[in-house]
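Please examine the sequence and the three-dimensional model shown here.

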Amino acid sequence: MNVPINGFDRKAFVICGTKSGRDMDKIKEAGLTLADSEVISVPAVKEFPLTLECRVIYQQEQDASGLPEDIQKKFYSVEGDHTCYYEEIAAAYVIED
């Protein structure tokens, strides 16, 4: 997980939060730069320097039927998988330029 510090380009959040990586190169479209990670083999993002590297320890398919109807319509209107991931933090650091 990468978190912005001291401002960020909201366009990147919109692209990464609403588009599928199956349909486009989100990193390129959002103008982001990947950086080597320290522990986990997934890259970090330079533009969001607060980095939490996490290991998945459990995952579970979500049943959206237990959510309020307005939440279901707003966030679960698209068919597909909705999986909840439980993770442990393996490393935490700030990417320095």
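How many bridges join β4 to β5? The count is 11, and the two strands run antiparallel. The model is a predicted one, in which local features need pLDDT of at least 70 and side-chain atom pairs count only at pLDDT 80 or more, while totals for chains, interfaces and linings use all residues. Residues are numbered from 1 along each chain as its sequence is written, and side-chain values use heavy atoms, with hydrogens and water left out. Helices (H or I, at least four residues) and strands (E, at least two) are DSSP runs, numbered from the N terminus, and two strands pair if DSSP finds at least two bridges between them.

The pairing of β4 with β5 belongs to an open sheet of 3 strands, ordered β1-β4-β5 and paired antiparallel. Its edge strands are β1 and β5, each of which pairs on one side only. Strands of a sheet pair through backbone hydrogen bonds, either parallel or antiparallel. Between β1 and β4 the antiparallel pairing extends over 2 bridges. In this pairing N2 has T51 of β4 as its bridge partner, and V3 stands opposite L50 in β4. L50 also has a bridge partner in β5, namely V94.

With neighbours within four places in sequence left aside, N2 is in contact (heavy atoms within 4.5 Å) with A44, V45, F48, L50, T51 and I95.

A nonpolar core is a set of buried Ala, Val, Leu, Ile, Met, Phe, Trp, Tyr and Cys residues joined through side-chain atoms within 4.5 Å. Here, buried means under 20% relative accessible area, exposed over 50%, and partly exposed in between, with a 1.4 Å probe and protein chains only. The largest nonpolar core has 6 residues: A12, I15, A30, L32, V45 and F48. Within this group, A12 is in contact with A30, L32 and F48, once neighbours within four places in sequence are left aside. A second, separate core of 5 residues includes A35, A44, A91 and I95.

The aromatic rings form a further set of links. A pair of aromatic rings is described by the distance of the centres and the angle of the planes. Rings of Phe, Tyr and Trp (its six-membered ring) pair if their centres lie within 6.5 Å; planes under 30 degrees apart count as stacked, over 60 as edge-to-face and the rest as tilted. By this rule there are 2 aromatic pairs. The ring centres of F13 and F48 are 5.1 Å apart and the planes stand at 70 degrees, so this pair is edge-to-face. It links distant parts of the chain, 35 residues apart: F13 is in helix α1 (residues 10-18), and F48 is in the loop between β3 (44-45) and β4 (50-61). F48 is buried at 7% relative accessibility, whereas F13 is partly exposed at 39%. The other pair, Y58 with Y86, is tilted, with 5.5 Å from centre to centre and 45 degrees between the planes. Because Y58 lies in strand β4 and Y86 in strand β5 (residues 83-94), this pair ties together parts that are 28 residues apart in sequence. Y58 is partly exposed at 45% relative accessibility, and Y86 is partly exposed at 40%.

The cysteines remain to be considered. A disulfide is a pair of cysteine sulfur atoms within 2.5 Å, and the count by this rule is 0. C16 is partly exposed, with a relative accessible area of 31%, and C54 is partly exposed at 21%.
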